[in-house]
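I opened the notebook to record what I looked up in this model. The entries follow the order of my checks.

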Amino acid sequence: MLKTLLRLLCRILFRIEIHGNANLPQTGKLLVIANHESFLDGLLIGLFLPFRATFLVHTTVLQNPVFRFLLARVPHLAVDPTSPLAMKKVIKLLEAGESVVIFPEGRITMTGSLMKVYDGPGFVAAKTGATILPIRLDGAARSYFSRLSGNYPRSILPKITLSILPTTAIAMPDAPSAKLRRRMAGDAMRRTMQEMLFASQPVQTLFSALLDAIRIHGRGTRLLEDMQQVEETYGQLLKKILALGRLATKISAPGENVGVLLPNVTSTICLIFGMSAMRRVPAMLNYTAGTAGMQNACIAAGVRTIVTSRQFVEAAKLAEPSPRWKTSASSTWKSCARSSAWATSCG
């Protein structure tokens with residue numbers, strides 16, 4: 001009854017979403033692995049796993065009276081992930097047919113990314129031949145129960161997603177020594193964790209990823225400062241991105257490769273994101289290759305239109321377009337590189 005109430009409460013407060021329920025196995029030796037984002041991770045996995053499992057916790061966790069009280073109500077095993085002997089207890093549990101939940105990182109992330117993955121869990125998986133069930137937690141790191149450092153934005157009740165990936169396994173490596181086999185199994189576990197993160201990440205464009213960042217950090221957060229020492233916030237960048245993206249649609253077609261020959265200023269970044277938003281493919285050109293080199297690159301990449309700045313062309317001492325680079329637009333884009341810009345067509 002208590003578990004049902006807690007599950008309902010978490011669904012309401014954190015807007016829990018679960019993906020991949022069809023990947024849940026029904027029987028067999030099962031080693032559940034997950035990334036470690038916050039102190040909520042064990043609670044969430046325990047509430048939403050449909051089967052009984054023993055949780056591996058770090059010995060230091062039991063020093064906290066709150067966690068000691070909570071863990072007294074669930075099957076758990078306190079171990080030191082750095083100790084090879086501690087993993088023997090886990091092997092016995094798996095060989096007895098128990099399902100085990102473990103965080104291979106051994107500690108909560110402080111960067112938002114994957115931390116060091118210890119060799120022990122990988123060796124346990126290889127030694128027992130257990131089925132590995134990867135679960136990706138996303139969103140808990142933005143709560144106040146995480147250990148993120150710096151000015152990373154927090155939320156009282158962030159949305160949390162649990163992605164259940166297809167099961168996998170780690171075969172015992174063929175190596176001459178136990179130490180080397182342990183290390184190779186640990187490498188295999190690291191790859192499994194990395195693949196879990198990539199597989200559960202939604203496919204995004206540059207522009208959609210930017211919108212997610214704006215939602216997390218806020219429009220007023222300063223993001224960029226170019227060589228002209230001009231600072232731009234997310235909101236200011238978004239306005240320029242949409243404006244330059246619309247201008248790019250006037251000289252190019254959807255899916256077209258468009259050359260970009262501009263200096264390292266904020267407007268160049270905005271143009272790249274704007275093209276991505278409008279389904280154009282920006283192709284960066286290096287002015288040090290010279291006019292002939294860039295022309296050959298455009299021919300090889302199928303680039304027929306180049307967006308650049310006349311001021312940049314003059315400063316870089318590039319020649320005016322040759323007869324093969326006929327002017328196809330003469331609009332003045334003051335927001336692009338803070339000077340007039342022109343587009344040319346590669347004939």
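**Entry 1: Thr128**

Is Thr128 buried or exposed? I looked up its relative accessibility and found 7%. The cut-off for buried is under 20%, so Thr128 counts as buried. I note here that I am working with a predicted model.

Next I placed the residue. Thr128 sits in helix α5. A polar atom of the Thr128 side chain lies 2.8 Å from the backbone oxygen of Val124. Then I listed the contacts of Thr128, leaving out residues up to four places away in sequence. They are Lys29, Ile91, Leu94 and Glu95.

**Entry 2: the whole chain**

I stepped back for the overall counts. The protein chain has 11 helices and 14 strands. The chain holds 347 residues, and 44% of them are buried. The chain exposes about 18200 Å². Carbon and sulfur atoms supply 57% of that area.

**Entry 3: the nonpolar cores**

Which residues touch the most other members of the largest nonpolar core? I found Leu31, Leu56, Val90 and Met189, in a core of 27 residues. Helix α6 gives the most, with six residues.

Not counting residues up to four places away in sequence, Val90 touches Leu56, Leu77, Val100 and Val124. Val124 had already come up in Entry 1, where its backbone oxygen lies 2.8 Å from a polar side-chain atom of Thr128.

There is also a second, separate core of 24 residues. Its members include Cys10, Leu24, Phe55 and Leu137.

Which helix gives the most to the patch? I found helix α1 (residues 2-14), with six residues.

Ile12 lies in helix α1. Its relative accessible area is 58%, so Ile12 is exposed.

**Entry 4: salt bridges**

I searched for charge pairs next. Side chains of opposite charge can pair when their charged atoms come close. How many salt bridges does a search of the whole structure find? The count is eight.

I started with Glu17 and Lys159. Their side chains meet in a salt bridge at 2.7 Å, N to O. Glu17 lies in strand β1 (residues 17-19), and Lys159 lies in the loop between β6 (131-138) and β7 (161-164). The pair therefore ties together parts that are 142 residues apart in sequence. Glu17 is partly exposed at 30% relative accessible area, and Lys159 is partly exposed at 34%.

Asp212 and Arg215 came next. Their closest N and O atoms are 3.8 Å apart, and the two form a salt bridge. The limit is within 4 Å, so this pair counts. Both residues lie in helix α7 (residues 206-217), three residues apart, about one turn of the helix. Asp212 is partly exposed, with 27% relative accessible area. Arg215 counts as exposed at 58% relative accessibility.

Then I looked at Glu231 and Arg222. They form a salt bridge, with the closest N and O atoms 2.8 Å apart. Glu231 counts as partly exposed at 38% relative accessibility, whereas Arg222 is exposed with a relative accessible area of 61%.

I also logged a network of salt bridges. It links Asp119, Asp187 and Arg190.

**Entry 5: Ser208**

Ser208 lies in helix α7. At 24% relative accessibility, Ser208 counts as partly exposed. What does the side chain of Ser208 reach at 2.9 Å? I found the backbone nitrogen of Thr205.

I then compared Ser208 with Ser276. The two are 68 residues apart in sequence. In space they are 9.1 Å apart, C-alpha to C-alpha.

Notes. Residues numbered from 1 in each chain as written. Predicted model: local features only at pLDDT ≥ 70, side-chain atom pairs only at ≥ 80, totals over all residues. Heavy atoms only, no water. Helix = DSSP H or I, 4+ residues; strand = E, 2+ residues; numbered from the N terminus. Buried < 20%, exposed > 50% of the residue type's maximum accessible area, 1.4 Å probe, protein only. Core = buried A, V, L, I, M, F, W, Y, C linked by side-chain atoms within 4.5 Å. Contact = heavy atoms within 4.5 Å. Polar contact = N/O pair within 3.5 Å; in protein donor to acceptor, adjacent residues only side chain to side chain. Areas by Shrake-Rupley, 256 points an atom, 1.4 Å probe, with all protein chains shown as cover.
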